[in-house]
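Have the model open beside you as you read.

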Amino acid sequence: MLRILPFLLMFGVGVYAFIDCLTTDENEVRGLPKLAWVFILLLFWPLFLGPIGWFIAGRPRREKSAGFGFGRPRTVHIAPDDNPEFLASLGKHNQEHEDLLKQWEEDLKRREDEIRGDDPDGGGEGRTKD
């Protein structure tokens, strides 16, 4: 079993390098075009030169990510109540709603006054008494 372990390790690293190369954006690959790196990984896999070359010269430099420090950088999500942009948009959104509500109330009051026949000045002379 101990004799097989290095080959399994080389195979795993090779598979990881190949998948990493395939999933990397074309414009992020360093050194050579992406297609060339795919061929290098496939041709020099048994010698372990392909994966080593990919990790040293072809793989894009990645920023330190939250997590274990390997793989793709993860997006950090912020809760809405901790996001200042979201909170600012709420204030703007609420103000728009309040302005719209005031406009509707004024329109409704004007329509009610027209239906009753009331004077817009509030004199009340248009009312009929029964």
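Predicted model: local features only at pLDDT ≥ 70, side-chain atom pairs only at ≥ 80, totals over all residues.

**Notes on the model**

1. Which helix gives the largest share of the nonpolar patch? That is H2, with four residues.

2. Now the other side of H2. Lys34, Trp37, Val38 and Leu41 are buried in this helix. They span an arc of only 105 degrees around the axis, which places them on the same side of H2. The face turned away from that buried side carries Leu35 and Leu43, both exposed.

3. Stepping back to the overall layout: the protein has four helices and zero strands, and along the sequence the pattern reads α-α-α-α. Of its 130 residues, 16% count as buried.

4. On to the aromatics. There are two aromatic pairs in the structure. In one of them, the rings of tyrosine 16 and phenylalanine 55 have centres 6.1 Å apart and planes at 25 degrees, so the pair is stacked; the cut-off for stacking is under 30 degrees. Tyrosine 16 lies in helix H1 (residues 5-23) and phenylalanine 55 in helix H3 (residues 49-58), so this pair ties together parts that are 39 residues apart in sequence. Tyrosine 16 is partly exposed at 38% relative accessibility, and phenylalanine 55 is partly exposed too, at 29%.

5. The other pair is tryptophan 37 with tryptophan 54, and here the geometry is edge-to-face: 5.7 Å centre to centre, with 70 degrees between the planes. Tryptophan 37 lies in helix H2 (residues 34-43) and tryptophan 54 in helix H3, so the pair ties together parts that are 17 residues apart in sequence.

6. Valine 15 is in helix H1 and is partly exposed, with a relative accessible area of 26%. Valine 15 and proline 51 are 36 residues apart in sequence, yet their C-alpha atoms are 8.6 Å apart in space.

7. Next, the salt bridges, four by count. One of them joins the side chains of aspartate 20 and arginine 59, at 2.8 Å from N to O. Aspartate 20 lies in helix H1 and arginine 59 in the loop between H3 and helix H4 (84-116), so the pair ties together parts that are 39 residues apart in sequence. Both aspartate 20 and arginine 59 are buried.

8. Aspartate 20 turns up again through its backbone. Its backbone oxygen lies 2.5 Å from a polar atom of the threonine 24 side chain. Where is threonine 24 found? It is in the loop between H1 and H2, and it is buried, with a relative accessible area of 2%.

9. Finally, helix H4. Asp107, Arg110, Arg111 and Glu114 are linked in a network of salt bridges. Within it, the side chains of aspartate 107 and arginine 110 meet at 2.5 Å, N to O. These two are three residues apart in helix H4, which means that about one helical turn separates them. Glutamate 114 also meets arginine 110 in a salt bridge, at 2.9 Å, N to O; both lie in helix H4, four residues apart, about one turn of the helix.

10. Glutamate 114, at 54% relative accessibility, counts as exposed. For contrast, aspartate 20 and arginine 59 are both buried.

Conventions:
Residues numbered from 1 in each chain as written. Heavy atoms only, no water. Phe/Tyr/Trp six-rings, centres within 6.5 Å; stacked < 30°, edge-to-face > 60°. Buried < 20%, exposed > 50% of the residue type's maximum accessible area, 1.4 Å probe, protein only. Polar contact = N/O pair within 3.5 Å; in protein donor to acceptor, adjacent residues only side chain to side chain. Arc of directions from axis to C-beta.
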